[in-house]
Amino acid sequence: MQVANQGLPLPKTDATGDELFRLGLLYSTGQGGAPLDYVSAHMLFNLAAMRGSVEAKVYRKELSEEMASEDVAEAQRQAREWLARG
């Protein structure tokens with residue numbers, strides 16, 4: 001199972017907020033084997049925030065200000081899809 005752009009594998013559904021946040025950081029910076037992908041980063045920050053990561057809320061907000069509204073909507077759709085799989 002892959003993130004939309006065929007980057008790193010999606011985290012397991014039992015991933016913690018901190019794990020999701022760290023993966024979001026990789027996508028938001030294009031490091032650690034992850035391509036630079038704001039949609040995937042936003043999705044991961046959103047999931048991390050739902051799991052209690054305060055940092056993820058801050059990063060998600062900052063990232064959304066740099067993204068087109070349709071990209072934010074796509075990130076939210078991907079987050080809902082990931083949650084539905086769990």
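Contact here means heavy atoms within 4.5 Å. The exercises below concern a predicted model.

**Exercise 1. Determine how α2 is oriented relative to α4, and describe the contact of the two helices.**

Step 1. Two packed helices are described by the angle between their axes and the distance between the axes. For α2 and α4 the angle is about 50°, and the axes are 8 Å apart.

Step 2. Angles under 35 degrees count as roughly parallel, over 145 as roughly antiparallel, and 65 to 115 as roughly perpendicular, with the rest oblique. α2 and α4 are therefore oblique to each other.

Step 3. The crossing in which α2 passes α4 is right-handed.

Step 4. On the α2 side, the residues in contact are Val39, Ser40, His42, Met43, Asn46, Leu47 and Met50. They meet Asp71, Val72, Glu74, Ala75, Gln76, Gln78, Ala79, Trp82 and Leu83 in α4.

Step 5. Sorted by class, the residues of this contact are 9 nonpolar, 5 polar and 2 charged.

**Exercise 2. Determine how α1 is oriented relative to α2, and list the residues through which they meet.**

Step 1. Helix α1 covers residues 17-29 and helix α2 covers residues 38-50. The two pack at an angle of about 165°, their axes being 8 Å apart.

Step 2. Since angles over 145 degrees count as roughly antiparallel, α1 is roughly antiparallel to α2.

Step 3. α1 and α2 make a left-handed crossing.

Step 4. From α1, the contact takes in Gly17, Leu20, Phe21, Leu23, Gly24, Leu25, Tyr27 and Ser28. From α2, it takes in Tyr38, Ser40, Ala41, Leu44, Phe45, Leu47 and Ala48.

Step 5. The contact of α1 with α2 has 11 nonpolar and 4 polar residues, and no charged ones.

**Exercise 3. Carry out the analysis for α2 and α3, and state the class make-up of their contact.**

Step 1. The axes of α2 and α3 come within 8 Å, crossing at roughly 150°.

Step 2. With the cut-off for roughly antiparallel at over 145 degrees, α2 and α3 are therefore roughly antiparallel to each other.

Step 3. Their crossing is left-handed.

Step 4. α2 contributes Tyr38, Ala41, His42, Phe45, Asn46, Ala48 and Ala49 to the contact, and α3 contributes Ala56, Lys57, Tyr59, Arg60, Leu63 and Ser64.

Step 5. By class, 8 residues of the contact of α2 with α3 are nonpolar, 3 are polar and 2 are charged.

**Exercise 4. Which residues of the largest nonpolar core touch the most other members, and which element gives the largest share of this core?**

Step 1. The largest nonpolar core has 23 residues. Those that touch the most other members are Leu20, Tyr27, Met43, Leu44, Phe45, Leu47 and Ala56.

Step 2. Two or more residues of this core come from each of α1, α2, α3 (54-64) and α4 (69-85).

Step 3. α2 provides the largest share, 8 residues.

Step 4. Take Met43 as one example. Not counting residues up to four places away in sequence, Met43 touches Leu10, Ala75, Gln78 and Ala79.

Step 5. Take Phe45 as another, located in helix α2. Leaving aside neighbours within four places in sequence, Phe45 is in contact with Phe21, Gly24, Leu25, Ser28, Ala56, Tyr59, Arg60 and Leu63.

Terms used. Residues are numbered from 1 along each chain as its sequence is written. This is a predicted model: local features need pLDDT of at least 70, side-chain atom pairs count only at pLDDT 80 or more; totals for chains, interfaces and linings use all residues. Side-chain values use heavy atoms; hydrogens and water are left out. Axes are lines fitted to C-alpha atoms, for helices over the stretch in contact, and angles run from 0 to 180 degrees between N-to-C directions. Helices (H or I, at least four residues) and strands (E, at least two) are DSSP runs, numbered from the N terminus. A crossing is left-handed if the near helix is turned anticlockwise from the far one by less than a right angle, and right-handed if clockwise. Ala, Val, Leu, Ile, Met, Phe, Trp, Tyr, Cys and Pro count as nonpolar, Asp, Glu, Lys and Arg as charged, and the others, Gly among them, as polar. A nonpolar core is a set of buried Ala, Val, Leu, Ile, Met, Phe, Trp, Tyr and Cys residues joined through side-chain atoms within 4.5 Å. Buried means under 20% relative accessible area, exposed over 50%, partly exposed in between (1.4 Å probe, protein chains only).
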